[in-house]
2 protein chains.
Amino acid sequence: MSVQTARISALETYDIRFPTSRELDGSDAMNPDPDYSAAYLVLRTDASDEPEGHGFVFTIGRGNDIQVAAIEALRPYVVGRRVDELCADPGALARDLNNDSQLRWLGPEKGIMHMAVGAVVNAVWDLAAKRARKPLWKLLADAEPEWLVSQIDFRYLSDALTEQDALELLRRGHEGRQEREWQLTERGFPAYTTQPGWLGYSDEKLSRLAKEAVADGFRQIKLKVGDDLDDDIRRCRTARSVIGPEIRMAIDANQRWDVDEAITWTRALAEFEPYWIEEPTSPDDVLGHAAVRRAVTPVKVATGEHVQNRVVFKQLLQAGSIDILQLDATRVGGVNENLAILLLAAKFGVPVCPHAGGVGLCELVRHLSMFDFVALSATAEDRTIEFVDHLHEHFVDPAVVRDGHYVAPLSPGFSATMKDESIATYTYPEGRFWTADLAQRVDTDPRTGATV
Amino acid sequence: MSVQTARISALETYDIRFPTSRELDGSDAMNPDPDYSAAYLVLRTDASDEPEGHGFVFTIGRGNDIQVAAIEALRPYVVGRRVDELCADPGALARDLNNDSQLRWLGPEKGIMHMAVGAVVNAVWDLAAKRARKPLWKLLADAEPEWLVSQIDFRYLSDALTEQDALELLRRGHEGRQEREWQLTERGFPAYTTQPGWLGYSDEKLSRLAKEAVADGFRQIKLKVGDDLDDDIRRCRTARSVIGPEIRMAIDANQRWDVDEAITWTRALAEFEPYWIEEPTSPDDVLGHAAVRRAVTPVKVATGEHVQNRVVFKQLLQAGSIDILQLDATRVGGVNENLAILLLAAKFGVPVCPHAGGVGLCELVRHLSMFDFVALSATAEDRTIEFVDHLHEHFVDPAVVRDGHYVAPLSPGFSATMKDESIATYTYPEGRFWTADLAQRVDTDPRTGATV
């Protein structure tokens, strides 16, 4: 069967869970025991010479099956569709998925259903980039501004960002992109590391990992805070004394506080010169973030990993709530909505520093930041991508960080493809790891089924 | 087994769907073909002398199965629990459910997972009210202010509503409640009707139904708008000419517009003196609603049926975005979060006019408004509950409207219980209606499976 008439023949899903809660990697003030997971999908075609499209939603364990079910509900929109048409216009698919007249009620454009849309849309982008034989960042950077604008749903945005605004920003970003592409492939894109700062770590481990981070070339580290103020003061002091005054130290409360508490707590840590306070309060609280930002300056305010869609990002920018926008690759409706979010950030002059870690987020977000650098904001100043060094071994095209910089991926696609072996081992509950684990286990928490 | 030691023995779920899309009942600018549905649950106990607790999420068709799966994910939190303890403190359960350290990632507190929490929490309130042999509104109105405050999660609210604020509001509301309870049981609570105004109806049908509404004692009707301005002008003129100048006419755009479009369109209909414009734009757009409100006054701005949680309601009030708060019984995290929302509204002096219709929403929200009238805001002025006269026949304790007023329900519970016969008939896809339907059907839309 020729490439021109290939169709999507299957949307396969996998409930993949890694037992990370046993190591306290990823522990923070709101998420003490995450089992990093992926609600994963593969788009297969009926042509032997066509690549597959891979996508996923990152979750932290329980409920990953519900997320998988939501992805499966979208199957009728892609199976049977022509591959060339889908890949030529992922934006049309994104619009169809978001506007399904019945599924929309379950959001709208937020939570499980919206993340499912994002995973399917991202899988189509993965497929499109593989077919174009380009890494996604380059496919986007090479694209005509007019086409990129056609990929964006401007609904609910026009009071802050019009199609004309977007076109002008993209045209400006288009200039000089060859030079920046060369810089990018040469030097990579700045990374910061959350490795030293998980709440579950001892001071000794924090100290050792912070030292290593600096030695490894990172110019910024991040510490989780918000559980106990005395602990946080001690940990911030420890970290600052290890890294010295030049390295940036961000702190992250993971939504732990109310507005007043966020202000008090952040001020109490101000002497250690945190660069930003991340997720000081509810990700839904635009006005709350604005109040915190006014009160804690010069500490910057950052949020985004739990921001549900472009409408909330729009308001965070309109209200002057944030200094740093932390987009997430699998929280919103896929690449198309993230293009809108990158454009909003560019319009308001706010740097984008994506959320990563988890399962495969480092792999995905680097494409978005690298596109932003090459062909939109056109600068890496004050831009940096989170890096956490775990679970990369499960990906075919893993994130690589050298001397504190993400190396630009050159393989075709969106780097979402997980290794067959990893999928087979960690599929829940029938994968090899989990069947062996269940056979061994004596006790589980009867309420939560937690793997402790 | 005695009442004291009874435990929850099962959480059973049902995917119930009514084929409403065939009649265009419920059609609006964003939801052209809803199949009104309920992701329904029953809490059973191991005691023969204990009632059951019923709860549900209203959806509009596809995806109802995902909503059911989300409810099932919460089963471990209730099965095996003591009935008396659960019913004595539904707030503790609500907190546990919202803060499940892994499920929380799927919201947080929004979308499918949050609605699932609401359904389970509401089922416990239904059980608690049945055990107390009171309708829920009276259980709440009779409760001590201190206990009601203990039922509320103030996280993310304290910059707008403190525990002390809540206690004072409830104590004030407590005064004179006997007199208001008497008024309520005598006269009922004002209703308005959306019956005449669905987009799919002809002008003739609109005209006839509007006339009937006035004859039936309604003092307010509502028209769906937002599909075509010329149509809306004609329909508003028709309705206004039928109902005269004294009856209030609300209009409802169901999120169809961007901010500027909402302003232009609403102004174009202003000559027909709409009382409020409902859902002019995205339910997530706090600042957008504020901009619309400033521009369209004296037309009031109303929203809420898709507002995801108390944090967004808080901001709608803080930013002066709304004149009318339209809470929904199954969109947020259950009675406990709706108590917080009622208190926020009371604090800001904004009247609550609940969203209803759908499946069972009229049955539920009347309890919340009646509690508000008897023991919180202490007034029915400018308060009114939406009424749509369909699907009530499936409920054991159906909503009854007389002379434009909801009659106060007197049966114990939250009125969530659906008739066994209705459940058996409309369970999807194995219920009697759907098996017969499927056997008859020749064509379905292969993409959506729509029942057209």
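Is A:Leu184 buried or exposed, and how many other C-beta atoms lie within 10 Å? A:Leu184 is buried, because 24 other C-beta atoms lie within 10 Å, and a residue counts as buried with 20 or more such atoms, as exposed with 12 or fewer, and as partly exposed in between, the C-beta atoms being placed from the backbone. The model is a predicted one, in which local features need pLDDT of at least 70 and side-chain atom pairs count only at pLDDT 80 or more, while totals for chains, interfaces and linings use all residues. Residues are numbered from 1 along each chain as its sequence is written, and chains are lettered from A and ligands numbered from 1 in the order in which they are written.

A:Leu184 belongs to helix H9 of chain A, residues 177-187; helices (H or I, at least four residues) and strands (E, at least two) are DSSP runs numbered from the N terminus. Apart from neighbours within four places in sequence, A:Leu184 is in contact with A:Phe189, A:Met370, A:Phe373, A:Val374 and A:Ala408, where contact requires the C-beta atoms of two residues, placed from the backbone, to lie within 7 Å.

Turning to the domains, whose bounds come from an automatic or database domain assignment, chain A has domain 1 (3-134 + 420-440) and domain 2 (173-406).

Another pair to look at is helix H14 (residues 310-318) and helix H15 (residues 335-348) of chain A, which pack at an angle of about 5° with their axes 10 Å apart. This angle makes H14(A) roughly parallel to H15(A), since angles under 35 degrees count as roughly parallel, over 145 as roughly antiparallel, 65 to 115 as roughly perpendicular and the rest as oblique. Axes here are lines fitted to C-alpha atoms, for helices over the stretch in contact, and angles run from 0 to 180 degrees between N-to-C directions. H14(A) contributes A:Arg310, A:Phe313, A:Lys314 and A:Leu317 to the contact, and H15(A) contributes A:Glu337, A:Ala340, A:Ile341, A:Leu344 and A:Phe348.

Finally, between the chains, 56 residues of chain B are in contact with 56 residues of chain A. Helices H1 (64-72), H4 (111-131), H11 (259-268), H12 (286-296) and H13 (310-318) of chain B each supply at least two residues of the side that touches chain A.
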